[in-house]
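User: Hi! I'm new to this one, could you walk me through it?
Analyst: Happy to, here it is.
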Amino acid sequence: MKLFGSKNSSRRSGERGVSGKEHSGEKVLKNDTDWLDELTQPQAPAARTEQTRSKSVDEIVAARNKKSKKKKTGKVILIILLVIALLAGGVYVALEYFIDPPEQNEEGVNNNNVNHVDGRKDGVYTFLVAGTDQISNNTDTIMVGSFDTVNGKLNIVSIPRDTLINIQHEVKKANAAYHYANYYKDIEGSSYYGTDPVTSMRKELVKSMLGFDVDKYVLVNLKAAEEVVDAIGGVEFDLPIDMNFDSKNQNLHIHLNKGKQTLSGEQFVQVMRFRSSYAGGDLERIEMQHKLLRALADQMLTLGNVPNISKVAQIVADNMQTDMNTENIIYFIKEFLKLDKDDIQFLTMPKLNTGSVFGYSYVFTDIDAWLKMVNDSLNPWTTEVTAQNVDIITYKDGSFYSTTGEVNGGVKSFLSYSDSDPMASAQIVLYTDSNTNTQSKDVDTNDAA
């Protein structure tokens, strides 16, 4: 079947070719130029004059050319539309059918070094996102998440940087796990020598707190974060306070006025890093970060356009430390763009309270509430995480409670330990559910606006 051309282009109106024979006393035209040949053949004087014949030829040629021009223009437009449709459709087809889901961690839930690997939930991925301080390599932003691509749910949980964790070093804070591994990785004789700091952090912090390892991680590069925000045209955000801070050591200068505005990539990172003037300290900073990240998510979902997918994916792949390749990143962005705003939930690790350990501030985990949050919002396995699957310590009423019955290195291993400090006599108690069930709980749940 011809896509272009007229049914009448090879014969006069009213004619029908029948095996090359004449029909109804009229000549069958064999090709598109027969009309011109016929008109230029000698005819009886009574038929038409030379002037009439010449005029007819000019008119017909002009009409033919005009018609051909219209057809050509229409053909070009149609081809352009088809190409655009194929390109756009091809991108979606490629994203939907030719990008494979990323691999998942198959270690299962830890139980005294014996993992339960049965019952992985279909399409549920877990991840770690950490942002490092440029000076100390502390991970002052720590988030773990679960992305259910089947049911369209994304949960992101922040772990406060001052959270007490059961590591061997003197500063037993969540943000120190990466710092120590990164510092000692090149020192011979160290237990971290030759190890990857992220792998160590996943073992000492993530797996100890969750009871399982995550599937993927991203160590955030601040410059790349700026580029991502700029790539989507900035983020609209109503800044609740004036932010003014200067640090020569960090080369950080923040001067932002409160009010609704479109933050550039640089300004977005400044709000994420700002920690002064928060009456609630780091926990209030986390709340601000959640509101900012929700604004970023809303902006991404509002745009939801194909061109930004590959651009953002390339920025992350090229500038951030991650175990995902570009195809993995595009897959997650594609699934993310299917979400509604209400499908995204930001949470903060539940705490019993905050306090001082030998002069340094810590956040003490509410283990009961934390395990419930892990199972409700993060666990990709059908096996429930219990106290026997984690290595967590907390502090309450003069005693350390540990799910393993130990404080790594002992109480004396804390920075600035002193025999004269009342905390030096604190007991280490094996954690059981009954130990904290009757304790009053100060639980931070969904704190996003």
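Analyst: One term to begin with: a contact means heavy atoms within 4.5 Å. This is a predicted model, where local features need pLDDT of at least 70 and side-chain atom pairs count only at pLDDT 80 or more, while totals for chains, interfaces and linings use all residues. Residues are numbered from 1 along each chain as its sequence is written, and side-chain values use heavy atoms, with hydrogens and water left out.
User: Thanks! Which residues does Gln289 touch?
Analyst: Leaving aside residues up to four places away in sequence, Gln289 touches Thr141, Met143 and Met272.
User: And where does Gln289 lie, in which helix?
Analyst: Gln289 lies in helix 7, residues 281-303. Helices here are DSSP runs of H or I with at least four residues, strands are runs of E with at least two, and both are numbered from the N terminus.
User: Is Gln289 buried or exposed?
Analyst: Gln289 is buried, at a relative accessible area of 2%. Buried means under 20%, exposed over 50%, and partly exposed in between, using a 1.4 Å probe and protein chains only.
User: How much of the protein chain is buried?
Analyst: Of its 449 residues, 45% are buried.
User: New topic: what is the strand order in the open sheet?
Analyst: The six strands run 9-4-1-2-3-10, with mixed pairing. Strand 9 (321-322) and strand 10 (344-348) are at the edges with a single partner strand each, so one side of each has no neighbour in the sheet.
User: How do strand 1 and strand 4 pair?
Analyst: Strand 1 (residues 124-132) and strand 4 (residues 216-220) are parallel, joined over five bridges; pairing requires at least two bridges found by DSSP. Leu128 has Tyr217 in strand 4 as its bridge partner.
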